[in-house]
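This report describes a single model in terms of its strands, nonpolar cores and aromatic contacts.

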Amino acid sequence: KHKAIYIKIEILNKSFKIIDLIQGELISDSFSIDAESDIRRTISLDLVVKDKSFLVSEQSKLWFDKYIRVWVGYKVQRDQSIRYYPMGLYTFSEANYQYDASTSTLSLSCLDLMAELNGVRNGQLSALVTSIPVDTDIREAIVSTVTQLGGVKKYIVEDIQKTVPYDLDVAAGSTVYEILNQLRDLYPGWEMFFDEDAFVYQQIPSGYADALFLTSDIFTPLVISESTDYVLTEVKNRTEIWGKCIDSDYYSEEVTSADNQYEI
């Protein structure tokens, strides 16, 4: 069944306040999300240029000090209203203007706000070595990095309840993202990204405790065909650990446990 789709683009200033709205000028768009990339969300837009306010310049709607928030809307058949859903907040990365006798279009490539931390649009550190000493709380290190070095106002940083196990030094000319990347990778199972204008650091959801929406009783009758490949040469059934035996000065032959406490 045919569905009417609408696109709304809000233009924001550096304080993320709406200063203008683009509707009706969009020709096409392309949107993607990649959880494996440091810049998770990207979008490309083709706009009809109606006047000079669309040209990329310091006085126009599109410039370095502006952002866009994109919404996609679907018409509700019940009451014919348009319900909009957010597609993210972006900064400009590339622009291409084309003009001829029949058309005048502007093509934009936009990235989420991680581009302002990883060096694409901003985020380079000054000519000093940045150090995070051992035993620094990881959450505190991440918060101070994104706020003091990255200039981020909003953040959601979960507490990993661990400290930095060794001194972290980042050379001059590196980026804010490189510091955050090292802090994130100290322990597995954590991710970071931007949700609109908020920086998020959280444990990667496993989905183990999520509610079931489609059980096997419903899904099995719908299966037309399926196939599974097994690579038996990749199956390992033994793990060998190599180390060194150390002669100890003291040892115990009896160990007891009571109330979660070991007595040696």
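Is Phe64 buried or exposed? Phe64 is exposed, with a relative accessible area of 52%; buried means under 20%, exposed over 50% and partly exposed in between, with a 1.4 Å probe and protein chains only.

## Basis

This is a predicted model, in which local features need pLDDT of at least 70 and side-chain atom pairs count only at pLDDT 80 or more, while totals for chains, interfaces and linings use all residues. Residues are numbered from 1 along each chain as its sequence is written, and side-chain values use heavy atoms, with hydrogens and water left out.

## Aromatic rings

Five aromatic pairs are found in a search of the whole structure. Rings of Phe, Tyr and Trp (its six-membered ring) pair if their centres lie within 6.5 Å; planes under 30 degrees apart count as stacked, over 60 as edge-to-face and the rest as tilted. Trp63 and Phe64 have ring centres 4.8 Å apart and planes at 70°, so this pair is edge-to-face. Trp63 is partly exposed, at a relative accessible area of 26%.

Charged ends also sit over rings (NZ of Lys or CZ of Arg within 6 Å of the ring centre and within 35 degrees of the ring normal). That of Lys8 lies over Trp71, 5.5 Å from the ring centre, and that of Lys162 over Tyr187, 5.1 Å from the centre.

## The open sheet

Seven strands form an open, antiparallel sheet in the order β2-β1-β5-β6-β7-β4-β3. Strands are DSSP runs of E, at least two residues long, and helices are runs of H or I, at least four, numbered from the N terminus; two strands pair if DSSP finds at least two bridges between them. The edge strands, β2 (18–22) and β3 (26–33), each pair on one side only.

β1 (residues 5–12) is joined to β5 (residues 67–75) by eight bridges, with Gly73 as the bridge partner of Tyr6. Seven bridges link β3 to β4 (residues 41–48), where Ser30 stands opposite Ser44. β4 also pairs with β7 (residues 104–111) over seven bridges, and Leu45 stands opposite Leu108.

## Nonpolar cores

A nonpolar core is a set of buried Ala, Val, Leu, Ile, Met, Phe, Trp, Tyr and Cys residues joined through side-chain atoms within 4.5 Å. The largest has 33 residues, of which Leu117, Ile142, Leu180, Leu183, Phe199 and Tyr201 touch the most other members. Elements giving two or more residues to this core include α1 (138–149) and α2 (176–184). Another core, of 19 residues, lies apart from it and has Ile11, Val49, Leu62 and Met87 among its members.
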